[in-house]
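Dear colleague,

Please find below the structure that I am handing over to you.

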Amino acid sequence: MRVIIEPDYAALSKWAAKYVADRIVTFNPTEDKPFVLGCPTGSSPIGLYKELIEMNKQGIISFRNVITFNMDEYVNLPEDHPESYHSFMWNNFFSHIDIKPENVHILNGNAPDLIAECDNYERLISEAGGIDLFLGGIGPDGHIAFNEPGSSLSSRTRIKTLTTDTIHANSRFFNGDLNLVPKQALTVGIGTIMDAKEVLLVCSGHNKARALKHCIDGDISHKWTSSMLQMHPHAIVVCDEAACDELTVGTYKYYLDKERGNL
Ligand code: GLP
């Protein structure tokens, strides 16, 4: 695992955006050979999306031959609800870049058959050739996508019931009203994320310090599902100083020195 420690949120967003842009440019995607990008929601990736939008406007990168698959979506929340992940993605990213709408994939949490929806999503990902780079955030309880503590570490796309922790954390988007937060979501599984050729997580702020510690500095456990990334051959976590508050000094220094070229 590679861990990049940046001073703050602005710097980590820039680092992550530059990494994504480099990957897409190097891949040189065409209509026949598109780049497949996995996308998260939440506050963590907003800075990264802003940077990518800017690079797209400046002509540094194009999303014309990029296919996206989002990580998750709430169940039973209308697609046009301002807090649906459909709304989030179009408002914060897709509407501002040159992506083709038909290349965007987001799970439908209102599908008549949710299990079939999840199975079909897995099929679409594999028909697209798999995910080249899966971007992600991390929940305060260490989850990625909506793979809550206790999720199988080999899980595929499916329905998950949200934990009380996550309902509390996400109530900030629903006027602080726990009753308004959907109780279930469709989410790609840990196995789905592990199949991606590369995974890049962004993690910012002191409230993520415990999650980051368990993700990179603890044992692999289904209680902290992002810790499974320790098994991925090409996983990167980009974090800021505030998120490092609970790392051991040795771990913190090792990753800083490694990136500075002192090791
Ligand atoms: C939600 C999303 C996750 C996201 C997490 C953290 O639970 N399903 O994909 O990583 O929130 O969100 P934030 O970045 O807002 O802290």
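In what order do the seven strands of the open sheet stand, and is their pairing parallel or antiparallel? The order is S1-S10-S9-S6-S2-S3-S5, and the strands pair in parallel. Please note that this is a predicted model.

The sheet has two edge strands, S1 (2–6) and S5 (104–105), and each of them pairs on one side only. For S1, the partner is strand S10 (residues 235–240); the two are joined by five bridges in the parallel sense. Within this pair, Ile5 is placed opposite Cys239 in S10.

I turn next to the ligand. The space that the ligand takes is the largest pocket. Around the ligand there are 14 residues, and the closest are Ser43, Ser44, Asp72, Arg172 and Lys208. Sorted by class, this shell consists of four nonpolar, seven polar and three charged residues.

Ser44 has a polar side-chain atom at 2.5 Å from an oxygen atom of the ligand. In the side chain of Ser43, an N or O atom lies 2.6 Å from an oxygen atom of the ligand. For Arg172, an N or O atom of the side chain is likewise 2.6 Å from a ligand oxygen atom. On its own, the ligand has 390 Å² of accessible area, of which the protein covers 96%.

Yours sincerely

Key:
Residues numbered from 1 in each chain as written. Predicted model: local features only at pLDDT ≥ 70, side-chain atom pairs only at ≥ 80, totals over all residues. Heavy atoms only, no water. Near = heavy atom within 4 Å. Polar contact = N/O pair within 3.5 Å; in protein donor to acceptor, adjacent residues only side chain to side chain. Areas by Shrake-Rupley, 256 points an atom, 1.4 Å probe, with all protein chains shown as cover. 1 Å grid on protein atoms, 1.4 Å probe; cavity = no way out; pocket = protein on both sides within 12 Å on 5 of 7 lines; lining within 4 Å. Sits in = over half its atoms within 2 Å of the grid points. Nonpolar A, V, L, I, M, F, W, Y, C, P; charged D, E, K, R; others polar. Pairing = 2+ DSSP bridges. Helix = DSSP H or I, 4+ residues; strand = E, 2+ residues; numbered from the N terminus.
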